[in-house]
Amino acid sequence: MARLSHAVDYDFLTQCLARGAFMARASSLIARLEKSDEPAYAMMIDIDHFKVINDTHGHAVGDHVLQVVARTIRANLRIDDLFGRLGGEEFAIVLARQSPEDARDVAEHFLRAIRSTAIDLAHGGRLSVTASIGIATSAQPEMGLTHLLSQADVALYGAKAAGRDRVGEPISSAKRGALLEKAANI
């Protein structure tokens with residue numbers, strides 16, 4: 001029964017929480033934090049140029065990149081942080097008990113760790129990988145996971161529009177529409 005539960009709750013390729021399990025656990029965590037007036041921080045992480053990696057090196061290398069990036073992030077998480085694969089090359093993290101500065105430092109640390117990881121290729125070469133991260137906070141009461149991830153996703157598009165391999169911060173709603181339009185062309 002434990003193996004069946006693990007198979008349902010964890011992504012088979014990356015061994016991080018599968019989308020459904022991540023969403024359920026993160027929603028529960030955010031609700032608990034809201035009750036005690038503590039903020040939560042969400043990060044959306046996207047591997048830069050992942051389609052090019054798959055198209056150039058094949059899906060086996062792409063799968064290996066996903067595994068290495070997931071392992072790198074997992075090695076840098078605290079025990080109570082939640083980490084899940086939402087689909088494709090997109091991951092999400094929910095952090096609790098952080099200051100805004102600490103949450104940004106954590107995101108920057110993830111970028112450095114991913115950037116320092118090289119993937120050995122079968123033909124002898126090495127592949128460098130980078131990622132972009134969008135970060136948002138549940139500073140408003142009853143924001144909810146869906147809204148929090150949506151804000152982090154907009155910040156992620158901001159990081160990509162600014163050149164990738166960086167952390168995108170929450171943006172005002174006035175800039176959001178223009179950024180989403182620009183991101184659609186990335």
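This is a predicted model: local features need pLDDT of at least 70, side-chain atom pairs count only at pLDDT 80 or more; totals for chains, interfaces and linings use all residues.
The chain has seven helices and seven strands, and 44% of its 186 residues are buried. Below is a quick tour, moving from the overall layout to single residues.

**The whole chain**
- Starting at the N terminus, the order of elements is α-α-β-α-α-β-β-α-β-β-β-α-β-α.
- Take the contacts in the chain with a separation of 6 or more: 64% of them come from residues 24 or more positions apart.

**Helix 6**
- Helix 6 covers residues 145–161, which is 17 residues.
- From first C-alpha to last, helix 6 reaches 24 Å, close to the 24 Å expected at 1.5 Å a residue.
- Its buried residues are L145, L148, L149, Q151, A152, V154, A155, L156, A159 and K160.
- A handy thing to keep in mind while looking at that list: an α-helix has 3.6 residues a turn, so residues three or four places apart point the same way.

**Helix 3 against helix 4**
- Helix 3 (residues 50–57) packs with helix 4 at an angle of about 140°, and the two axes are 7 Å apart.
- Because of that angle, helix 3 counts as oblique to helix 4.
- By class, this contact has five nonpolar residues, four polar ones and no charged ones.
- On the helix 3 side you'll find F50, I53, N54 and H57, and they meet H59, V61, G62, V65 and L66 of helix 4.

**Two aspartates with polar contacts**
- D9 sits in helix 1, which spans residues 2–9.
- The side chain of D9 is joined to that of R25 by a polar contact of 3.3 Å.
- Setting aside residues up to four places away in sequence, D9 touches C16, L17, A18, A21 and R25.
- D81 is placed in a loop, the one between helix 4 (59–74) and strand 2 (82–87).
- D81 has a relative accessible area of 9%, so it is buried.
- The D81 side chain has a polar contact of its own, at 2.7 Å, with the side chain of R78.
- Apart from neighbours within four places in sequence, D81 is in contact with V94, L95 and A96.

- V129 belongs to the loop between strand 5 (126–128) and strand 6 (131–137).
- With a relative accessibility of 3%, V129 counts as buried.
- If you skip its neighbours within four places in sequence, V129 is in contact with I47, V65, V69, I114, R115, T117 and I119.
- One of those, V65, also turns up on the helix 4 side of the contact with helix 3.
- L111 is part of helix 5 (residues 100–115).
- L111 is buried as well, with a relative accessible area of 1%.
- Not counting residues up to four places away in sequence, L111 touches A131, S132, I133, D165, R166 and V167.

**Distances worth a look**
- L111 and V129 are 18 residues apart in sequence, and their C-alpha atoms are 9.8 Å apart in space.
- V129 and D165 are separated by 36 residues in sequence and by 9.2 Å in space, C-alpha to C-alpha.
- D165 is also among the residues that L111 touches.

How values were computed: Residues are numbered from 1 along each chain as its sequence is written. Side-chain values use heavy atoms; hydrogens and water are left out. Helices (H or I, at least four residues) and strands (E, at least two) are DSSP runs, numbered from the N terminus. The expected span of a helix is 1.5 Å times one less than its number of residues. Buried means under 20% relative accessible area, exposed over 50%, partly exposed in between (1.4 Å probe, protein chains only). A polar contact is a pair of N or O atoms within 3.5 Å; within protein, one must be able to donate a hydrogen and the other to accept it, and residues adjacent in sequence count only if both atoms are side-chain atoms. Contact means heavy atoms within 4.5 Å. Axes are lines fitted to C-alpha atoms, for helices over the stretch in contact, and angles run from 0 to 180 degrees between N-to-C directions. Angles under 35 degrees count as roughly parallel, over 145 as roughly antiparallel, 65 to 115 as roughly perpendicular and the rest as oblique. Ala, Val, Leu, Ile, Met, Phe, Trp, Tyr, Cys and Pro count as nonpolar, Asp, Glu, Lys and Arg as charged, and the others, Gly among them, as polar.
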